[in-house]
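Please examine the sequence and the model shown here before reading on. The briefing is arranged by topic.

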Amino acid sequence: MSTLTIDVLDAKGKKSGTAELPAEVFDVQTNVPLIHQVVVAQLAAARQGTHSTKTRGEVRGGGKKPYKQKGTGRARQGSIRAPQFAGGGTVHGPQPRDYSQRTPKKMKAAALRGALSDRARAGRVHVVDGFAVDGAPSTRTAVSTLATLSPRRHVLVVLERGDELTWKSLRNVEQVHLLLADQLNTYDVLVSDDVVFTRGALDAFLTRPAGRGAKGVATSTEASVLDTEETK
């Protein structure tokens, strides 16, 4: 693996320099099973888990036996709040629960490196000096700058903390999803067509611990499974 070098563009889309993307972060083999596990855990953690249904013991009413036990020719019943009655309780319905899954930090870091590497190899990682927003927020200016970087519909823009002008300029743009450098995660990288870093955000992201002790490549068993699935 070797360090990737990409052009840094200015607000007008012209080259203003270069930036190095370390190979251990932006050029590792993508481990699809690992990414899948991390994304599933992230989406599960986002679930509120506040759903709740009432059992027959929690539904109001039904204390009186609806009719006598014998002599009616009908099946015996003890309460009109039993599950078979309209307005009765729910059997095995959802109850409040915690959906979160424990995911080690090294696994999260390895999955993120794999997702970023996939985007970088496809030429979908960009670095920009800035969005030419000076003095006051300007959505028009920021969007015109972004248009010179990527024509695609879903763009993830990564900013450094303190860049409030750019944040306010792009926060209401439909095709843009904003994240701070320390909030970058696997799911948002995967659902975005392009990833755009400001130079400051890229530096801030690379200075964070990247969990380099985690395995970021697929084992031979996993690779064979993936090959089998792809040929189906």
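Predicted model: local features only at pLDDT ≥ 70, side-chain atom pairs only at ≥ 80, totals over all residues.

Residues are numbered from 1 along each chain as its sequence is written, and side-chain values use heavy atoms, with hydrogens and water left out.

**Nonpolar cores**

- In soluble globular proteins, nonpolar side chains tend to be buried together.
- A nonpolar core is a set of buried Ala, Val, Leu, Ile, Met, Phe, Trp, Tyr and Cys residues joined through side-chain atoms within 4.5 Å; buried means under 20% relative accessible area, exposed over 50%, and partly exposed in between, for a 1.4 Å probe and protein chains only.
- The largest nonpolar core has 23 residues, and the members that touch the most others are F26, L116, V158, L184, V189, F197 and F205.
- Among the elements that each supply at least two residues of this core are β1 (4–9), α3 (105–121), β4 (155–159) and β6 (194–198); helices (H or I, at least four residues) and strands (E, at least two) are DSSP runs numbered from the N terminus.
- The element that gives the most to this core is α3, with 4 residues.
- A second, separate core holds 15 residues, including V128, L146, L159 and V176.
- Leaving out residues up to four places away in sequence, L184 touches several residues, among them L112, L116, V158 and F205; contact means heavy atoms within 4.5 Å.

- β4 pairs with strand β5 (residues 176–180) in the parallel sense over 5 bridges; two strands pair if DSSP finds at least two bridges between them.
- Within β5, L179 stands opposite V158.
- The chain runs from β4 through helix α5 (residues 164–170) to β5 in a right-handed β-α-β crossover, meaning that, with the strands pointing away from the viewer, the path from the first strand over the helix to the second runs clockwise.
- β4 also pairs with β6 in the parallel sense, over 4 bridges, and the bridge partner of V155 in β6 is D194.

**A buried serine**

- S79 lies in the loop between α2 (32–45) and α3.
- S79 is buried, with a relative accessible area of 9%.
- The side chain of S79 reaches the backbone oxygen of G62 at 2.9 Å.
- Apart from neighbours within four places in sequence, S79 is in contact with R56, G62, P66 and F85.

**Salt bridges**

- The structure holds 6 salt bridges, each a side-chain nitrogen of Lys or Arg within 4 Å of a carboxyl oxygen of Asp or Glu.
- D7 and K15 form a salt bridge with the closest N and O atoms 3.5 Å apart; D7 is partly exposed at 40% relative accessibility, and K15 is exposed at 55%.
- R152 and D194 form a salt bridge with the closest N and O atoms 2.9 Å apart.
- R152 lies in the loop between α4 (139–149) and β4 and D194 in strand β6, so the pair ties together parts that are 42 residues apart in sequence.
- R152 is partly exposed, with a relative accessible area of 33%, whereas D194 is buried at 0% relative accessibility.

How values were computed: Polar contact = N/O pair within 3.5 Å; in protein donor to acceptor, adjacent residues only side chain to side chain.
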